[in-house]
Structures are given as structure tokens and as C-alpha cells.
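I opened my notebook to look up a few spots in this fold.

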Amino acid sequence: MARLEERPARTESRNEGALARRHSGPVPEHGVVWSPSVPNRLLARYYLPRSHSVLQGNSCQLLRDGVEAYPAMLEAIRNARRYVRLETYMFISDAVGELFGQVLAEAAERGVHVKVLYDAVGSWTSRRGFFESLRQRGVDIRPFKPFSLSRGLRYLLRRDHRKILVVDGEVAFVGGVNISAHWAPVGEGKGAGWRDDVLRIEGPAVHELERRFLATWRMAFQGGLGRLRNRLQQVRRLRRPGPRRGEVCLSVLSSRRSIHRAYLHSIARARRSVLIAAAYFVPDRRMVAVLREAAQRGVEVSLLLNGRSDHPFLEHCTRAFYEKLLGAGVRIFEWQRGVLHAKTAVVDGVWGTIGSFNLERLSLLFNHEVNAVFADPRLGKALEDSFRNDCGSCREVSLEEFRRRPFWQKALERVLYFFRKIL
């Protein structure tokens, strides 16, 4: 864990040898679609549906994996002066969880107001005494929807899948990284943890992420009068956007339908490229149709998917969509270095999204999710470069090769396809 704390944020260098297969890489680079003189707010309005509000003046930094995200998050908590808000699906009492717990407790002991919301199902493997020890040290840490058969199946299915950290209303983190050793580096020369992305944000969008946290907290733990009273107390502080920190235009989306609609709208408007990294990919008909249509009109459409998922049944269900997508010209790359957990997309190198939303049915129908959607050429290039670099560690799936897979795989995919809405 000492390496985890001390290792500084880094920028991935392009692996030229691994990316020399086709033109400049497995996913070819293209020219610039938009002139640099086009304002980011106009790019945001082009790629986002009109119903989505846009916040201007944000500064963002792309962080890869827990190697970069954890040190930045820990530093922000250590520097907290007033409050810390942490919402996560998994808060596991392993080495990483103990490290975060210690830093959160130290913040609470020096007078910082620390609220932590973790999902009871996502964190079920954690020791019960671990959370109790944090409460005794002043951390207000609570489970979201503890296990209860008496409340029905729908209660159990609707989980809090968000990953949000807000500190002092000044800096926020959003992405796919949980608090668990899965995302930590395994060790020098022994590979890396799960592949994921986090966006560090300063600016007006920080307050929007804080509002999402407070809304979930009120919904889960306060009665009607308490929710109203606390909401009125927060309105004055949160209604004004924070100071401008940069040039990135952001939209914070927490409605599952709005995130899905943002994907569909941006892909339909793509001019050059659509690059999607999806940990769990079980698309609905509209998503399949818009991806196929984009590829057929000459847009480069590439998907980065799991080659070895932590949910094997979901992995085979995903492959049930391969032939239809490959046949339309969509390129599919399977991640080979452990588990891919990223949920990101970048369109034309200027529009992108990072968050917790998976392109599968649970995220669309049940889970509480949050994504940051941005419009900015520099951040878009960073995310696109990261995608291309990742493709150097992938195996590209060809249509001819896929059709030659064993019969048992075809049969399993067909069976799982019929259960795609509940996987």
C-alpha cells in the first residue's frame, strides 16, 4: 500500500510496438473533425440532447486505474477542511479499504464532517466490525438498502452503483473505481489491477455531483420532513455554481434514461469515430441499431470489451451480439490483461463520458448511476489516446474467426441471450 500512496499520477505513453499492426495502431487515427476555434459549448450542444443542461468552466483530469486514482483521492481527503462525501458500490475491508478507512477516520477526528454511503450488497464481503470501528472514530458511514427478504425482489435489485467522492465542494471524482484491492497494483512485475477510469473535476460540476450524493442520502435515511428541511438548508449553498476552473463543458447525468439517451444521441451524430470501452455489454435494440448504422455510414466504430470477465455468463451473453455488429463493420477488441471495468466512450475525439453506467439491463432498469459527459478536444484526445493504447493489449475479433467458434459456445450464447434482461 505504500507504493499506492507514493506513486504519482502518470500519463500513459503510447506503446508504438504494440500499436503498429494497422496504420498507426489497431484503431487508426484520423484527422481533426472540428476546428479548434469551435467553442466547447457548441460542441456540447451538438452532441448532447437539448434537454441536458451543460455546465461551463470546469477543469478535468483523466486518471487511469487505481494506480492514479487512489493517490489523488487520498490526497484530496487528507487536505479536506470542511467535509468529505463518499459514495461507492464496493467498500471492501481489504488493504485498500483499510487505507481509505484510516484516512477518512483521521479526517473525522480533526473535525471534518465525513459522510460515507456504501452499497450493502456490493460490500457484503466486508467485515462488519470494520464499518463499526469507523463509526466509533466519527465517520458517518451507512449501508444503502441492507439485505431484507421482507421488502421484495425489486428492493434488492435496485442498488447504488455510483462512485462519487466530493471534498469541500472544490474537487470531485467520478468513474468506475470502487474502494477495493481489485483496482490496486498487484506489484512490480506482477501485472496490474482492474482496468478502469476516473475523472477528477474542479469547477461548477462539483456541486452537481454533491447534489446527487445528498439526494441519495436524504432518500435513504431521512423522513419526509427531514428531507425537506435539509434540502432547504442545502439550496442556498448549492444553487450557485462554483467558480470557473477551466474550459471543459460538463453535464452530470444521474438518470439512467438520460445517460442512455446521451449515448444514442452522440453516436447518431458521430462524424468520424465512436470508441466505447464497456465492462459489461448487453445492449438493447436501439443501441445495436445506432452502432450498426454509424458503422455502415463510414464512421469508425470500435468496442473494447472483456476477454475474461468477472461474470463469465455475462461474457458469453455479450458474444451473442458479436456477429450482428461485426457484420455491419463494427470492430471488437477483447481486453486480455485481467478484468476490464471501464465504462467510457469518446466520439470524434471531442465528446466523451466517464462514470458508473454499464451498457446492460441492470444499469438501465434498476441501479442508481452517475456519469459525467464532457465536450472538450483536449480531454477527448486524452481519452481517445488511452483507448488506442489499451487496444495494444487486446485481441481483435474477426467475423471469420468468430463464426468458427465451437458449437457449445454458440449454444450457450443462444441460451444466455434469452436471459439477457436479467443477467
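Predicted model: local features only at pLDDT ≥ 70, side-chain atom pairs only at ≥ 80, totals over all residues.

**Core, a loop serine and a helix pair**

I began with Leucine 303. Leaving aside residues up to four places away in sequence, I find that Leucine 303 touches Ile276, Phe281, Leu291, Leu325, Val330, Arg331, Ile332, Phe333 and Phe387.

Next I looked up the largest nonpolar core, which has 51 residues. Leu303 turns up again here: Val274, Ile276, Leu291, Leu303, Leu325 and Ile332 touch the most other members. Helix 10 (residues 285-296) gives this core its largest share, six residues. I also noted a second, separate core of 43 residues, with Ile77, Tyr89, Ala107 and Val339 among them.

Then I went to a loop. Is Serine 393 buried or exposed? Serine 393 sits in the loop between helix 14 (377-391) and strand 15 (394-397). Its relative accessible area is 19%, and buried means under 20%, so I logged Serine 393 as buried. Not counting residues up to four places away in sequence, Serine 393 touches Glu334, Trp335, Gln336 and Arg337.

My last entry is a helix pair. Helix 11 (residues 312-319) packs against helix 16 (residues 407-418) at an angle of about 95°, and their axes are 8 Å apart. Angles of 65 to 115 degrees count as roughly perpendicular, so I put helix 11 and helix 16 in that class. From helix 11, the contact uses Phe313, His316, Cys317 and Arg319; from helix 16 come Trp408, Leu412, Glu413, Leu416 and Tyr417. I sorted the residues of this contact into six nonpolar, one polar and two charged.

Definitions and conventions. Residues numbered from 1 in each chain as written. Heavy atoms only, no water. Axes fitted to C-alpha atoms, helices over the stretch in contact; angles between N-to-C directions. Helix = DSSP H or I, 4+ residues; strand = E, 2+ residues; numbered from the N terminus. Parallel < 35°, antiparallel > 145°, perpendicular 65-115°, else oblique. Contact = heavy atoms within 4.5 Å. Nonpolar A, V, L, I, M, F, W, Y, C, P; charged D, E, K, R; others polar. Buried < 20%, exposed > 50% of the residue type's maximum accessible area, 1.4 Å probe, protein only. Core = buried A, V, L, I, M, F, W, Y, C linked by side-chain atoms within 4.5 Å.
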